[in-house]
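I opened my notebook to look up a few things in this structure, one at a time. Here is what I wrote down.

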Amino acid sequence: VVLGVFVGLQAQEWSRNLSDRQRERQIVEGLIGDLDIDRAHYAQSLETAEKRLIAASASLEGAGLAPLEFRAGDQRAGTVDYTFDLSRLAPAPAAGRDRLWSDIVLGFHPTPSTMTYDAIAGAGDAALIRDAELAKDIQGYYNLVSSVGDQNEKILTLRRDALNTGAVYGLAPFASTPAEDYFRLVADNPQLAATIRIVATFVIYHRGEVAAAEARAAALQARL
């Protein structure tokens, strides 16, 4: 009888371990799929940010105003690095100089996929990941994802304000404005020029968050 009970308990333990390992594999596969989506979004967001900064720089230069400036400030260990070298920006393509305002105000704001992470958190399955360091990295990544979401909210609010400012001067997204007319508007209206500088500054901060999330996603994906 004792032997039978022991064998039965061992069988239950084996079955539970097998189920846990299968669930762990499902979690890893789900996270990899989510990271694929996230990284595609990050790549598009970073490309769009570059385009926005090129347009902002070209707008001020064309208006004969002082160039963009950005100082990230002191960076503490473990924080996002917002450093960005504005001098490396390419010139705006000549063919797009009548759409600079559109390029400034239109952006791509990534929405990372948290479906798998939310599922494991809700079911209490995080403990199924046996590698403690990997579990820590997963948690760290999704904390950063939350920060990206916060930055999205900030920059979308700023974009709304910029759109309203542009409308005062007859500027609208997707509408073409002859470059010389546009440069004259920027040169003659300090509020418009200031709006361009403010948007560019927040684009750099947003870009920093996205770049950090992309780097963390790449490292995490390599470990899974």
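This is a predicted model: local features need pLDDT of at least 70, side-chain atom pairs count only at pLDDT 80 or more; totals for chains, interfaces and linings use all residues.

**Entry 1: A187.** I started with A187, which sits in helix α5. Helices here are DSSP runs of H or I with at least four residues, strands are E runs of at least two, and both are numbered from the N terminus. Is A187 buried, exposed or in between? A187 has 36% relative accessibility, so it counts as partly exposed. The cut-offs I used: buried is under 20% relative accessible area, exposed is over 50%, and partly exposed lies in between, with a 1.4 Å probe and protein chains only. Next I looked up what A187 touches, skipping neighbours within four places in sequence, and found A63 and L65. Contact means heavy atoms within 4.5 Å. A187 and A63 are 124 residues apart in sequence, yet their C-alpha atoms are 4.8 Å apart in space.

**Entry 2: what I'm looking at.** Residues are numbered from 1 along each chain as its sequence is written, and side-chain values use heavy atoms, with hydrogens and water left out.

**Entry 3: the whole chain.** How many helices and strands does the protein chain have? I got six helices and zero strands. Buried residues are 38% of the 224 residues in the protein chain. I also checked contacts between residues at least 6 apart in sequence, and 87% of them join residues at least 24 apart.

**Entry 4: α5 against α6.** Back to α5, this time with α6: their axes come within 5 Å and cross at roughly 100°. Axes are lines fitted to C-alpha atoms, for helices over the stretch in contact, and angles run from 0 to 180 degrees between N-to-C directions. For the record, under 35 degrees is roughly parallel, over 145 roughly antiparallel, 65 to 115 roughly perpendicular, and the rest oblique. On the α5 side the contact uses Y182, L185, V186 and D188, and on the α6 side P190, L192, A193 and I196.

**Entry 5: α4 against α6.** How do α4 and α6 pack? Helix α4 (residues 132-168) and helix α6 (residues 190-223) meet at an angle of about 160°, with axes 9 Å apart. The two are therefore roughly antiparallel.

**Entry 6: the core.** Which residues touch the most other members of the largest nonpolar core? I noted W101, I104, I138, Y141, Y182, V186 and I196, out of 54 residues. A nonpolar core is a set of buried Ala, Val, Leu, Ile, Met, Phe, Trp, Tyr and Cys residues joined through side-chain atoms within 4.5 Å. I zoomed in on I138: leaving out residues up to four places away in sequence, I138 touches L31, Y117, I129 and L220.

**Entry 7: the loop between α4 and α5.** I compared two residues here. T177 lies in this loop and is buried, with a relative accessible area of 15%. Not counting residues up to four places away in sequence, T177 touches R97, D98, L171 and Y182. F174 is in the loop between α4 and α5 too, but F174 counts as exposed because its relative accessibility is 69%. F174 has a positive phi of about 75° although it isn't a glycine. I wrote that down because most residues other than glycine have a negative phi.
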